[in-house]
Structure formats: structure tokens, C-alpha cells
Amino acid sequence: MAGMDVAAAEVAHAELLTALAGRPLVVVDRYSTALRTGYTGPMPVEALRPTLAIGCYAAWDPALPGMVVSAEEQTGSRSVAGRRGWLRRVRHEAARHLVKLDRPPVIATCHTGAQLQELAGPGGTVAAIEAGVRATIEARHLFDDLLRAAGVPAVARIRCVPAERLPGLAELRRAVGTERVVVQAGEGYGGRGTVIVSGEEDMSRAARLLGPYRVAAYVDGWPCAVTALSVPDRAGGVGVYVDRPAHETTGVAELGLGPLCSAGHDWSRPWPLPAAALLIECAERIAVWAWRRYGVAGLFSLRGLLTPDERVYLSAVRWRCDDSTEVSAVNQQAVGAPPFLPAHLVVMLGGRVSWLPDPQDFNQVSLLRATERGGPFSVRLRLRGDTPLRVAAGQGPGVYRLDRADRPRWVRRAAHPAEAQADLGEFLLAGLPATDVVCHPGADLVTIEAVTDGATQPFHGPAGASPFTRRVAAAVEALLVPA
């Protein structure tokens with residue numbers, strides 16, 4: 001597949017332009033540089049570069065869209081409240097830019113909703129599946145029913161029960177057969193809506209979740225995820241393309257990174273073959289079920305747990321682009337294929353996708369690569385503590401390298417993870433704020449991205465940063481001063 005590089009990118013560019021049909025592409029995403037791994041780096045699909053980006057954080061060169069509206073540039077700050085309410089803050093300025101466009105836009109976003117439909121305006125298109133269908137697919141209390149309906153093997157399913165109301169802890173333990181139980185409610189989004197119950201003191205937190213609930217047995221394992229793309233074929237079905245799976249880490253304070261905490265994705269750590277094969281098979285089955293049941297296709301991610309004895313259990317599905325999609329695109333480019341993103345947009349617009357290889361061949365390559373060392377990774381750093389900070393040094397986002405004193409030294413401008421070779425000491429600081437931006441506790445600070453041949457590890461466990469990550473985080477911390 002590596003020989004199809006340039007030709008496939010050119011076809012992807014042409015067919016995305018055809019699907020857009022002259023309409024401007026507008027990105028609405030927390031990161032206004034969303035899609036950047038598609039239009040920067042190797043085999044760029046220039047049609048993915050947005051005419052307008054509407055987001056929470058500022059963009060940077062060379063990932064600049066045509067125009068940018070960001071909450072960060074309006075407020076001069078980053079915070080938890082800003083991260084969750086940025087769209088309301090920017091919608092009036094965004095609307096002023098949208099009405100200046102010569103045609104109704106196509107809005108690329110994680111998911112649809114009333115606010116986005118309002119932004120799109122008359123004749124505009126939100127390139128995402130219908131909100132009600134997405135909510136049903138992602139509903140935690142329906143997850144086990146989804147797995148059974150999709151024919152997912154029982155060995156990948158965690159013992160669980162649905163509940164309209166939460167009974168006592170003893171009854172929950174009897175229902176799922178473990179001392180620790182996991183209570184979930186709502187859609188499958190990150191750690192929100194999930195409480196691990198070890199004793200009565202945790203039940204009050206679980207009770208504050210709004211049901212209905214999914215109560216599952218606690219499984220001790222490394223969180224994992226895999227990105228998949230389903231594309232309608234000419235026979236009335238879908239072809240399913242599954243990326244190599246990633247190990248995930250959780251944002252915990254015990255990582256020992258000073259005022260920073262982190263979470264991330266690591267595609268460079270090898271997988272046991274049976275577990276990777278099962279995860280890819282499950283993604284294929286769920287994609288076929290979703291197409292037959294709801295007629296939906298496009299990008300989605302499947303979450304799970306990889307246990308110490310190398311078994312994999314599924315925990316959630318998210319039918320949308322998520323925060324791992326940006327860096328996972330490096331995997332597709334590494335095997336000579338354009339990223340999933342242009343295909344996803346073309347599918348959302350009802351267009352034709354002809355540049356992808358045979359799905360079985362692609363998935364076999366993903367499986368083989370999953371068992372090998374090396375690949376991309378990302379580490380998201382957030383502030384903790386109670387002191388607002390700002391960046392006092394550095395030259396903004398780009399590739400850096402640590403000097404002999406472990407201080408970050410600027411190397412070059414970049415926006416693509418593959419431009420930073422971790423084994424050579426390089427790392428991309430993506431989304432680093434400008435020096436005049438005040439970062440409040442809990443705010444996103446930066447994402448560390450790079451590729452490795454396997455010599456560099458970002459994490460030693462689901463909540464354990466590697467020496468490499470600790471050194472880079474300490475170097476980022478050295479750029480900060482009280483605001």
C-alpha cells in the first residue's frame with residue numbers, strides 16, 4: 001500500500017472537492033487546527049484546510065485555516081469553564097464571518113446539535129450523524145444490548161446489568177460478581193458519567209449521576225481504544241477500515257509532573273496478537289450493525305480494557321471524531337494511505353470514496369503493525385493546583401528538543417506529529433498558548449506529539465509517565481510563570 005501515496009492523496013483531494021461542491025469547509029472544534037494532520041505533513045490533502053475554523057484555542061502556522069475565530073483570542077485565557085462553554089462565547093463573531101461566505105458552509109465537527117445547525121444557517125450542512133442516533137449508539141445503559149445485537153463475541157463483553165434506579169451496593173456486587181463495580185450513565189464521553197464504586201462512600205457520587213445506569217464488573221486493565229471508518233460500498237453494505245489500536249492513559253495527579261497532569265494515546269506500544277485481532281473484529285461487527293440498523297457510517301472509536309493476561313474487554317463506543325483522531329491519522333499515512341478524515345467527510349456528504357484500499361488488506365496491515373514496536377503518540381498536559389500561570393518563554397507551537405540542561409530548545413515550525421522524531425530527542429508542542437494567555441487551573445496547556453521507532457516510551461502504565469514524558473513535562477513547566 002505504501003506505493004499509492006501521492007495518487008491516493010490526489011484522488012482524496014479531488015473527491016472531497018466534488019463532495020463539497022464549491023461550498024466552504026468550516027471546522028467547529030475545540031482545537032481550531034482540527035484536521036491539521038490531513039492538510040500538513042506527508043501526502044497533504046489540501047481540500048481539508050478549512051476556509052474558517054471556529055474553536056476554543058488559537059491556530060498556528062503552518063496549520064492555519066483561511067480564517068480563525070477562537071475564544072482564546074477573545075478572552076486571553078484558558079480555563080475549564082472556557083473549555084466547556086467556548087462555543088457560546090464565539091457564536092456571534094462566528095456568525096458574522098459565516099454570513100460573509102459566498103455559499104452556505106459545510107461544517108465539520110465532532111457531533112451535531114441545535115447550536116451547530118443554527119451556525120450552519122439556511123442551506124448549510126453539518127457533516128455529522130443525527131444527534132438522536134448518536135446518543136442512542138453511545139448510551140451507556142444500552143451498550144451491552146448493542147454488543148449482543150452486533151454479534152460481538154461474549155469473551156469481549158464485561159458482565160453488566162442495566163438499572164433505572166441504583167439499588168444498594170451489596171445488590172450491585174451480587175449482580176455483577178465483583179467487589180468493585182463501575183456505575184455509568186449518559187453517553188460514552190471520556191471519564192464523565194463514570195464512578196468506580198469500592199465502598200459506600202462512593203455510592204453518593206454514583207447516585208448523583210442521572211440514570212438510567214449501566215452497572216458493570218470492575219476489570220483491572222490498561223484502557224485502550226481503536227479508531228475505525230465505515231464506508232458504504234456498491235453492494236449495499238459497508239467496507240470497514242480499522243486503525244491499529246492504542247493504549248490510553250488517564251488524567252491523574254499521581255503522575256508526578258509538578259503542576260501538570262496528563263492523559264494520552266500511545267500507538268507505539270506493541271499489542272498481543274489475539275487481543276488486537278479481537279478488537280479489530282469487534283469494530284468491524286459494530287460498524288456493520290450500525291449500518292444495517294441505523295444506516296450510519298463514518299468515523300467512530302471503540303474503547304476497552306487490555307488486561308494483564310492479554311484479554312480485551314469493550315467498555316464504550318463513540319460515533320464521532322474524537323481527541324485521538326488527529327494523531328491516529330499518522331498511522332494511516334505511515335502505510336501509504338490518506339487519513340480517514342477526508343473519507344469521513346465525503347461519507348457524511350453522501351459522496352463517493354474510491355481511493356481506499358481493500359478493507360481486509362488494510363485491516364491485516366493494521367493487525368500486523370499493532371504487534372510491532374514504534375508509531376505515534378500524544379500526551380495532553382493540563383494545569384493543576386490553584387495558581388494561574390502563563391508561558392513566559394518559548395517560540396510557540398512547533399518542534400523542540402531538550403538541551404543538556406533539559407531546557408526546551410526551538411527546532412522548527414511544524415504542525416504534524418510525524419515531523420518530530422522522539423528517538424532523536426524531538427517533540428512537537430501542539431497548541432502551546434501565546435505568552436499573553438493566562439492559563440487557569442484545569443486548563444489545557446499543550447499536547448506533546450511525536451513518533452518513535454520504539455526506543456522512546458511515553459508511558460510505563462495506564463497511570464505512569466515514562467522518564468521521557470517526565471523530562472519533557474518538566475521542561476514545559478520551566479516555561480511557566482505565575483500570571
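1. Helix α12 (residues 340–348) is mostly covered, with nine of its nine residues buried. Buried here means under 20% relative accessible area, exposed means over 50%, and partly exposed lies in between (1.4 Å probe, protein chains only). The buried residues are Phe340, Leu341, Pro342, Ala343, His344, Leu345, Val346, Val347 and Met348. Glycine 350 follows α12 and has a positive phi, near 75°. Helices (H or I, at least four residues) and strands (E, at least two) are DSSP runs, numbered from the N terminus.

2. On provenance: this is a predicted model, in which local features need pLDDT of at least 70 and side-chain atom pairs count only at pLDDT 80 or more, while totals for chains, interfaces and linings use all residues. Residues are numbered from 1 along each chain as its sequence is written, and side-chain values use heavy atoms, with hydrogens and water left out.

3. Helix α11 (residues 325–334) has nine of its ten residues buried, so it is largely enclosed by the rest of the structure. Among the buried residues of α11 are Thr325, Glu326, Asn331, Gln332 and Gln333. Just after α11, glycine 336 takes a positive phi of about 85°.

4. Contact means heavy atoms within 4.5 Å. Aspartate 5 belongs to helix α1 (residues 5–20) and is partly exposed, with a relative accessible area of 26%. Its C-alpha atom is separated by 25 Å from that of valine 27, 22 residues apart along the chain.

5. An open sheet is formed by five strands in the order β3-β2-β1-β5-β6, with parallel pairing. β3 (67–70) and β6 (125–127) stand at the edges with a single partner strand each, so one side of each is left without a neighbour in the sheet. From one strand to the next, the twist averages 20°. Two strands pair if DSSP finds at least two bridges between them.

6. Within this sheet, strand β2 (residues 52–55) pairs with β3 in the parallel sense over four bridges. Leucine 52 stands opposite methionine 67 in β3. Helix α4 (residues 80–98) packs on the sheet and touches β1 (25–28), β2 and β3; its direction makes about 160° with that of β2. Axes are lines fitted to C-alpha atoms, for helices over the stretch in contact, and angles run from 0 to 180 degrees between N-to-C directions.

7. Five of the five residues of strand β8 (residues 181–185) are buried, so β8 is largely enclosed by the rest of the structure. Both faces are covered: Val181, Val183 and Ala185 are buried on one side, Val182 and Gln184 on the other. β8 runs antiparallel to strand β9 (residues 194–197), joined by four bridges, and valine 181 has valine 197 as its bridge partner in β9. β8 also pairs with strand β10 (residues 213–217) in the antiparallel sense, over five bridges; alanine 185 stands opposite tyrosine 213 in β10.
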